[in-house]
Amino acid sequence: MRGHIRRLVTAFVRQAGIGAGLRWKLSAAIALVGALVAVALSLVVHNAARVSMLDNARDLADERIMIAQRNYELSGRLNFPNTKIDDPQLPAELRAKVEEGRRATYVADRGGAPDIWAAVPLKSGHVMSLHSGFTDRSSDILKDLDQALWIGSLATVLGGCALGVLIGGHLSRRLRKAATAANRVAGGETDVRVRDAIGGVVRDETDDLASAVDAMADALRQRLEAERRVTADIAHELRTPVTGLLTAAELLPPGRPTELVQDRARAMRTLVEDVLEVARLDSASERAELQDILLGEFVARRVAAKDPDVIVRVVHESEVTTDPRRLERVLFNLLANAARHGAPPIEVTVEGRVVRVRDHGPGFPEDLLAEGPSRFRTGSADRAGRGHGLGLTIAAGQARVLGARLTFRNVRPAGAPDDAPPEGAAAVLWLPEHAPTNTGSYPVLAQ
């Protein structure tokens, strides 16, 4: 179940995009959009203000040329500043309009500073023109406006960055909380809900995603629980006929066929018992009976009784509180896996609270190292049809009941690359420092 949940968590984290700098990507996107909008609005406001000022300047020039025309026709003299008769610098476009008998204004751009022209035809056939530049006051107003627009644009960009950091940080925190909760589910905490962990009050996409993950985890958990019950029921129903078969086989006359029948009957009974044990471990109903033991002495004595050829080294003795029967079950399963799929010599090392079982075979397959042991998948890449993969599954389940941690790795020479062939496999059992009371275990009182 943990392997299925772990793959579900990996897919969730990948879909959520955690670790990809969500807050900074969102900040950059908001800042970029804010900068584009600010620049566009600045250009529009600048151009609109410039056009408005130029229109006002042309209207003022038109009023002035009309006053200058009346004064000239009444007095016969030019008494208005910046006015000329038949000015040779008069723009050709404006001259053409005046020759048609129309009063007109014209704006000429000379290096960014516009010139304002106004001209009117006289009764004498001459052309009176007025030439003025863009006033300094207008230029100052445009400069002040441009400065204000730049400051506003910069403030918009900085505000967008801050807003993106806040929004992205909030979203990133919710996603990280969801990933943490999902990892807890993968670790076996079945009562954890992702939606509750992120605070399901906020209705957004993360809340919908968390609800979907919770629903998928519940559906997967129910399916695995149904499969566990079916497997346990089948194994339980097989126990009685298999026991009868083994009893009947023992009544057969001596001979090679009888030995073969008895061997297969024993193997079937062992398989049925292993399946029942896996089902009990999956149901999380098992409890350890705790005792204080000397770990090194216990391991050396049990291994010597099981297989004298196994090398046992006690580097550092330690007193631990654990269940001797379950510890022996874990140890024997690891030794059986090493003997079946590894190669001699098999070594057992006890150092403090750590028990290490090492062989010199081809090593563990990569899928077992990545996902842990799984039922009906053997611990050897070249198993050739031998075994059912229940030994390591039972060992991992019993380790959980003990509150211990069981890890697997391949042994390679020092400095060798990761793709180098392994020189053996090592299973390491890490017993807890304190008694595993959180598993519901209970101490056995000394008599």
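Me: What share of residues 24-45 is helix, and how far apart are the end C-alpha atoms?

Reply: Residues 24-45 are 100% helix and 0% strand, with end C-alpha atoms 31 Å apart. Helices here are DSSP runs of H or I with at least four residues, strands are runs of E with at least two, and both are numbered from the N terminus. This is a predicted model: local features need pLDDT of at least 70 and side-chain atom pairs count only at pLDDT 80 or more, while totals for chains, interfaces and linings use all residues. Residues are numbered from 1 along each chain as its sequence is written, and side-chain values use heavy atoms, with hydrogens and water left out.

Me: Which residues does UniProt place under "transmembrane region"?

Reply: The unreviewed UniProt entry gives that feature to residues 24-45 and 148-167. Such positions follow the numbering used here, feature names are shortened, and annotations may be inferred rather than shown by experiment. In the model, residues 148-167 are 100% helix and 0% strand, and their end C-alpha atoms lie 28 Å apart.

Me: How many helices and strands does the chain have?

Reply: The secondary structure comprises 11 helices and 12 strands.

Me: What span is expected of helix α8, and what does the helix reach?

Reply: The expected span is 1.5 Å times one less than the number of residues. Helix α8 (residues 295-306) has 12 residues; the expected value is 16 Å, and the helix reaches 16 Å from its first C-alpha to its last, which is close to expectation.

Me: What makes the buried residues of α8 line one face of the helix?

Reply: The buried residues are Leu295, Gly296, Phe298, Val299 and Val303. Seen down the axis of α8, they fall within an arc of 160°, so they line one face. The arc is taken over the directions from the helix axis to the C-beta atoms. In general, an α-helix has 3.6 residues a turn, so residues three or four places apart point the same way. The buried residues of α8 pack against β5 (289-294), β6 (311-316), β7 (319-322), α9 (324-341), β8 (347-351) and β9 (354-358), contact being defined as heavy atoms within 4.5 Å.

Me: Which residues touch the most other members of the largest nonpolar core?

Reply: A nonpolar core is a set of buried Ala, Val, Leu, Ile, Met, Phe, Trp, Tyr and Cys residues joined through side-chain atoms within 4.5 Å. In the largest one, of 36 residues, Val299, Leu334, Leu335 and Leu429 touch the most other members. Helix α9 gives the largest share, seven residues. Leaving aside residues up to four places away in sequence, Val299 touches Leu331, Val348, Val350 and Val355.

Me: Why is Ala427 called buried?

Reply: Buried means under 20% relative accessible area, exposed over 50%, and partly exposed in between (1.4 Å probe, protein chains only). Ala427 has 4% relative accessibility and therefore counts as buried. Ala427 lies in strand β11, and its C-alpha atom is separated by 9.6 Å from that of Leu335, 92 residues apart along the chain.

Me: Why is Asp86 called partly exposed?

Reply: The relative accessibility of Asp86 is 35%, so the residue counts as partly exposed. Asp86 lies in the loop between β1 (83-85) and α3 (92-99), and its phi is near 50°, a positive value in a residue other than glycine. Most residues other than glycine have a negative phi, and most peptide bonds are trans.

Me: What kind of peptide bond joins Pro344 and Pro345?

Reply: The bond is cis, with omega about 0°. Pro345 lies in the loop between α9 and β8.
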